[in-house]
Amino acid sequence: MPQRKPRVLVLSGDGIHGESETAHAFEIAGFDADIRTLNELMISRVTQEELTRRWSAFAIPGGATFSDTLGSGKIFALKFEHGLGWDLQKYADRGGLVLGIGNGFQILLRMNVFGTDLSLTTNEAGKFSNQWVRVIPNGARCIWLKGLGTLELPVRHAEGRLMILGLRRPEILSRMERQGMMCLTYEGGLHGSEREIAGICDPSGRIFGLMPHPEDYIRWSSHPEWTSATNRANSPGQGLSLFENAYHEAMRVL
Amino acid sequence: MLARIEVVVRPELVDPAARRLIRRIELSKSAIRSQIRWARLVDVVWLDLPISREAMMSHVQELFWDPVSQWLFTGNLIPSAAGKSGGLPDIMEASPIRPGKFWAIEKRFRPGVMDSVARDILQAFEIVGRQSYPGARVATGKLLLLEGAELNESSLGWIAKEVFCNDRIETWSLFDDSELRKNSRFDQERVRRDIPRPSVPTSAPVLGRMGQVGLKSTAVGQALGISSGGPLRGQSGVNLARNGTVELGHLTDDALSSFSKERNWDLTQAELFAVRDYFTGRARDDAERARNGLQAPTEVELELVARSWSEPVRHTVFQAEVDYRDDSGEPDPAGHAMPHRVEGLFRSMIAGTTEQLPKSWLISVPGAGLPSSHQGGDGMIALDDDTAFAFGVEVEHSLVSSDAAGGSEGALLDLQRRLLTEGFGTKLHMVGGVMALPHAPAHAGAAPSAKDPLPTSEVRRALDGMRVGLERATSRTGVPFVNGGIQWSDLPAGASSEPSPEKAEPALFLFGAGLMPKRIGDRRCESPELFAGDRLIGVGRPTGRDGLAGASFVGAAVPQTHLSDVLTHKRLSDFLLAIRELGIHRSAVSLGVGGLGVAVARLGRLTGGVSLDLSQVAQKGDALSAAEVMLSETRERVLLAVPPERVSQVEQVAKLFELPTWNCGELTHSGRFEAQNADQPVVSLDLDFILEGAPKLTLQASWAGRPPAPEFVDLSFEREALPQLLGLLGRPNIASKEWLIRQLDHEAQGLSVVKPLHTVSPGSSTSFSGPNDGAVIKLPVLTPDCIAVGTGTQGRYHSVDPWLMAQLAVDEAVRNVLCVGGEYGRPESVLALSSNFAWPLSAPKGGQDPQSLGGLLRACQGLQDAALALGLPIVAHQDAVLHQRQAVSRDPRIKQDAVVDPALVIQAISRVQDFRFARTADFKAAGDSVYLLGTAERFGLIGSELQAQLNGRLPRSEKGMHAPRPDWQLARLLYGWVGGDFGDRQTRLKSLHDISEGGLLVSISEGLLARGLGMILQIPVDMDPWGFGFGESFHTFVGSCADSDAGPIEDELRANRIPFLRLGSLDLSGRLDLRQGDRKMGTVDIPRLRSAWVREGYWE
C-alpha cells in the first residue's frame, strides 16, 4: 500500500525566486510540494486551520522580495502578516515545520518569529557575496539540523549580518542560548554576524531560518570541488539532510 | 499629511554603505579621502499621504525603523529615540568627533526619473493602511553626512560629482554645518517644495526637439488630438498643419533634411526621399487612407516610420550592400580573397552560414525563413524530444555609458524579457556577459607600483556601475550570472604608446538562456499561430515619458537613462510563466527598442495587419501625445496576442500578479498598420512599407593589409621569462576576477555544475580559487543532461586583422565549452555559436567609413569561415553599429569623440550529455601527467598579450614571429576526440584548460594556482622558448590525467594522428620549474604566481 507523503507549502511571488529548487529539495527528501504565491493564498483566504490540516511543512524560499526596499524581507513580512495573519508559532505547536532560507529567514525574523530586537542587516563590507562557507550545528534543539555535523553550503546575500539591540544584548543572548536558538554558526564568522550566527530556530526547534542555501547543495556535483572526487559524482549533497530530517519528523507527526 | 523621514545607522555601529563610499573616494582620490574623519549615509524619504498625523506616526515607525541598527528622524513628528532634536544634530552630537565640522550632500532623482523604491514604499503604506492612496506622492533620496575640518566646497563638489551622484539622473545640494543644525528640512511647507513632482520633466529630449520645430509641449497633444494649437513654426520652416500633419511634397530636399534633423530622425537622405515618395505617391492614391480622412502624413506616422527604420531597430548597416576593396597589394592572409560584394552582412554571413549547416536539433535561428528586414534575434535548440533551449544575446552601449548601473541592469532585464516572450515563454536558467572597458592601466611588473597607475575614476566608475547593475539584475531575479569576463582595450598591439585621441566608452555584451517545452498540445514552440481577430493586450508598467529617451533615439546627442523596476519585471516574469502553463495566450513580444509601434508591426507581420487604439494604452499620468505613446520605450511591458475569448482570463491572471493590463488593439489581415487615438485616425499605412519600404544602402569597404612586423627587443629568456609571466598574470585581461564573480550571484537555482571558479577547500582559511573555462548547469529535471556555455573575445587581434580576431574568438569560445565538457563531432552533437558585435563608424548612418567597414566585413568573414569549418550554426546574433558622437562626458568642458572599440563576442553553447563528463581547469593531484594537446608549431607572438605588455615590441625569436594561424582540419580531429565523437579516453582527462591570452605558461600557472601543486616543465629543445612559453594559438589545450591513464591516452591520440606533447608531471614541490633539456630556465613558487594573479586591492 503506498504510504501517504507529507506535503510542503512553498511560498512564491513578489520577488521570491528560490521556489523551484526549494520545492525540488523537499521532493527529493520525500515530500509532495505545492508552490503558491502569497496573493493566491490571500485571495483564496487560506486559514491557519487549513495550513495545519494540509501541509506538514511551510517554507519561505530565498529571493529579493519587494527589491529589498526598507530592508530585506520587511515589506513582504508586513504583507504576510496583514494579508494572511497566520501565527506560525501556533502552526509549529500543532506539529508544523517552518523553514526560511536567505530572504525567507529575513522575512521570518521581521515577523518577530524569533523574538524582538533582532535584525539582519547589511554585511559589514557592504557587499553582496556569493561564496561557500562552513557552518556548524549547535545543540540538539533544531529538528532540521538533528544529528548533523559541519556542513559546507553556499551563501548569496548582501544583508546577512545578525544584530541584536545593544541595550538588551546580554539578556537576549542568554535567552537564546538557554533556549537553544543559536543552532547554526559560521566557522570563522561571516560578514560581522553576531556570535557568528548563520541560522536561528525558535524554542520549539520546529521553526528554522538560515542565511546559507541548503536547497542548492542537494547533489555533490554542485560543490565547488566536486571534480576532484568524481568517483562520488552521484552522491547527494550535504544540504539534502536538512530536508530529510524534516521528512522524518513530518512522517512521525503525520 | 506631509513628512520627511531620515534613517541613519546608529552612531556606535559601523555603517557599511558609508564605508564603501569612502573606500571609493579613497581609490579615486586619496587626498580627499584623508579630509574625511567620519561619515554616515542617511536614507531620506519625502511623503505626501492622505492620512492622519496619528496614522503617519504609527506607520512610519512600523515601516522605516529598525531600532536594532538605526535611528529615525522625523523632526517633531515622532519623538526621536536618539536625542532631543529629532534630526541630524542628534547624530552629530553622538559622533566620535566633537565638536566636529559637518557637511552633507543630499541627492535626489531628477524629475521624471522613475523612483521604484518610492513605489515600493507607497505599496508598504497601502499594506499597513489596508487601502490605496491614489493621489499620494513619495520620493526617496540619500544624504551623505561627512565630518572633516579640512573639507571644503570644492572637495565636496568633487565627491558629489565623481563618486556620490550621477548628474544625468540625480541632482544634489550641499548643506554646511549651520544649515544641518536647523531642522527646517522637516517643515511641512519645505517638504511640499522638496518632493519631486511626479514625472513632469522640464524637457525630455524628444519634446525638446519638438519644441524646436515649434511643437510646444502643450501643443503636442492638441496638435494630434481634436483641438488645435494653431499653426506651429520651426527653424526649418516646416509646419505641422492644424491636424498635426505635414505636407512633405512641398518641401525642398534641404528643408526635408533639416526637418529630419530637427526631429532627431536616424534617416539617410535616400530613406527620407523614400518616405516622401510614399506619401506623395502610393499613399495619395490609397483609398483606405482616404476613408480614414488622412492625406498628408501625420506626426505619428512619420515618427513610426523613422523609428522603424532607425539603426537600432532595423540594423541598416548589417543589411546594406557592401563593396569591398583590398588595398594591401598582398595575397590575403586569410588564404582566400574576401568577396568583392556582399549582399548584406547579416543575410550572407550570419544567417547564410547557418543555412549551410542543417542540423536536426535546430528549431529556429535568426533570419531563417523571415523577410530580410528581420534582423538578429534569438534561437532555439531541441535538447531532446520534449525540451527546447532558447538562447539570446544583447549588446548595450549608450545607456551603459550614460548610467553604468541603470543601463546595465536595464539591458540585462530587457534581454530576460525578450527570452521570456520567445515561443511559449522561456524559463531562464542562466545569463552572463562581457564588460568591455576602455583604457586598462599599463603595467609591466607583478605588483602595483608608482609607475603602474590605477585606473582613472571614469573607468572605475563605469566598472563599478556595471557591477552594481548586474548584481541587482541577477540577485533580484534569481537568474545566475554564470559566465563572463572583462575585456580591456589597451593600446593596440604594434601601435606606439601615444594614447588614442578618442575616448572609448564602455559596452556590455550579454547572453541569456533558458528552457521551454517543445510542444504544448498540438502547438509547437517555434511557430506562434496567430489569427486575425486576436486581441493585443499590454501588460506591465504603464507607458510614461521616461521611455522617450531610449535606445532608438540615436539622434539625440545625450542618451538619457531609464531606471528599471525589478519588482514589476519579476512579477511579469512570474506572470508569463503562469500563462504559459495555462496556455491562454498565443504569442508575446517584449516592448523594447522602438516601443509599441515597432513591436506591433512585428506581430502584425505574422497575420498581415494590425489595428491599434492608442487611447487605450495605460499611461502613468504623463499626458503623452499619440506619437509619444507609440514611441515610448518604457520598460517592464510586454504585448500579448490573445484569442478574444481568453482576454478576461489573461486579465485575471495579471491581477494575481498585481500587473495592469490594457486591451489596445487587434491583429488583422488587412495588410495595414492602422491606429487611432480615440476617434481620431492617426496612422493608416501599408504594413509592408513600414517593414520593407526602406531603400537599401550601398557602403564602401576597404582594407590596407596587416600592420608591418613589430620591432624587436633583446630579452634573455632565463632572466626575463618569469618576470614577464608574473606581469602577464596580473594584466587586467588575465588577472583574477574573483572580486567581481563573488559579488554577482552565479549559483542561484542550484543548478551549477561548473562555476566560474574552481575552489579548493571552500569555506576554510586556506581556500583558494582559480579560473574555469566555461559554465555548466544541470537541467532542472531528473536526468544527467547539462548545458555548457563558453565565451570567446579577442579584441587585441583587431589591430592585426579583424578576420583573425573573429576566427580566434570562435575557436576560443569552442575550446572553452569543450574544456568544461561540451560535445562535438557527431551529427547529433549539440554545439552552436552566437555572435554579438559592437562596431564604430566615423560617419553617421549612410555615410562612408570604408576602413572600419572593411574591418567589419573581415570579422564577419572570419566568423563565417570558422563556423563553416567547424560546422557550427549561429543561433543568436546581435549587432550595434555606432557612429562617433560627442562624448557623453560628465564634464561639459571635455569635448572628445566617443566611440566603442570594435568588438566581437562569441558564445559557444553545447549540450553536456552527463554531468559526470564535466571538467574543471585545475590540476588535481601529484603524479598526474600534464599534456599539451594540439601542436606548439602554431604558437604565434604577433598580437599576443606579451606583445601588448612589451608596448608593441617582441623578444627576438627565431620562431613564433607570426600571428596565430588556424588549421581547421586539425581542429575537427582534436575537438572530435575531446568532444566525445570517438575514442574513450577523453573522459579520463582530470583537467582541461585552453591556451589563449598569455600563452602556455599562463595556462599552466592557472591550473597550478588553486591546489598549489608544482611541476617541472620541459620546453622542447628544438623550440624557441619565447614562442613556446608565450605564443598564443588556435586549437591547443593543457590537460592532465592520472599517470595510469597516460599510456593508453597517448596510444589513442597517436592512433588518431592527434598531435600532443607531454609537458611533465605534477609534484608536491609548490614550484613551477622551467627546463629546456638540461638547462634550467627559471623557477617560481606558487604563492608568487598567486599574488601576481590576484592583485589584491586593485579592484573591489
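Colleague: Where in chain A do A:R54 and A:E50 lie, and how many residues apart are they?

Modeller: Both lie in helix α3 of chain A, residues 48-54, and A:R54 and A:E50 are 4 residues apart, about one turn of the helix. Helices here are DSSP runs of H or I with at least four residues, strands are E runs of at least two, and both are numbered from the N terminus. An α-helix has 3.6 residues a turn, so residues three or four places apart point the same way.

First, the ground rules. This is a predicted model: local features need pLDDT of at least 70, side-chain atom pairs count only at pLDDT 80 or more, and totals for chains, interfaces and linings use all residues. Residues are numbered from 1 along each chain as its sequence is written, chains are lettered from A and ligands numbered from 1 in the order in which they are written, and side-chain values use heavy atoms, with hydrogens and water left out.

Now the pair itself. A:R54 forms a salt bridge with A:E50, and their closest N and O atoms are 3.5 Å apart. The term means a side-chain nitrogen of Lys or Arg within 4 Å of a carboxyl oxygen of Asp or Glu. A:R54 has 37% relative accessibility and counts as partly exposed. Buried would be under 20% relative accessible area and exposed over 50%, with partly exposed in between (1.4 Å probe, protein chains only).

Another bridge in chain B links separate elements. B:E636 forms a salt bridge with B:R417, the closest N and O atoms being 3.9 Å apart. B:E636 sits in the loop between α23 (626-631) and β21 (637-642), and B:R417 in helix α19 (residues 404-420), so the pair ties together parts that are 219 residues apart in sequence. B:E636 is buried at 0% relative accessibility. B:R417 is buried at 1%. Chain B also holds a network of salt bridges, which links B:R4, B:E6, B:E106, B:R108, B:R185, B:R190 and B:D194. Over all chains, the structure holds 94 salt bridges.

Chain A has 8 helices and 11 strands. Its radius of gyration is 17 Å, close to the 18 Å that the globule rule gives for 254 residues, so chain A is as compact as a globular protein of that length. That radius is taken over C-alpha atoms, and the rule is 2.2 Å times the number of residues to the power 0.38. The C-alpha atoms fill a box of roughly 50 × 50 × 35 Å along the principal axes. Of the 254 residues of chain A, 65% count as buried. Another helix of chain A, α6 (residues 103-110), is mostly covered, with 8 of its 8 residues buried. Just after α6(A), A:N112 takes a positive phi of about 60°.

Last, the interface. 61 residues of chain A are in contact (heavy atoms within 4.5 Å) with 67 residues of chain B. The two chains bury about 5200 Å² between them, 56% of it on carbon and sulfur atoms. Buried area is the accessible area (1.4 Å probe) that two parts lose on being put together, summed over both. In chain A, A:H82, A:F128 and A:N130 lose the most area to chain B, together 12% of what that side buries.

Salt bridges between chain A and chain B number 5. In one between A:R156 and B:D745, the side chains meet at 3.0 Å, N to O. The elements of chain A that give two or more residues to the side touching chain B include α1 (19-29), α4 (74-83) and β7 (151-157). The largest share, 6 residues, comes from β6(A). That side of chain A divides into 20 nonpolar, 24 polar and 17 charged residues. Ala, Val, Leu, Ile, Met, Phe, Trp, Tyr, Cys and Pro count as nonpolar, Asp, Glu, Lys and Arg as charged, and the others, Gly among them, as polar.
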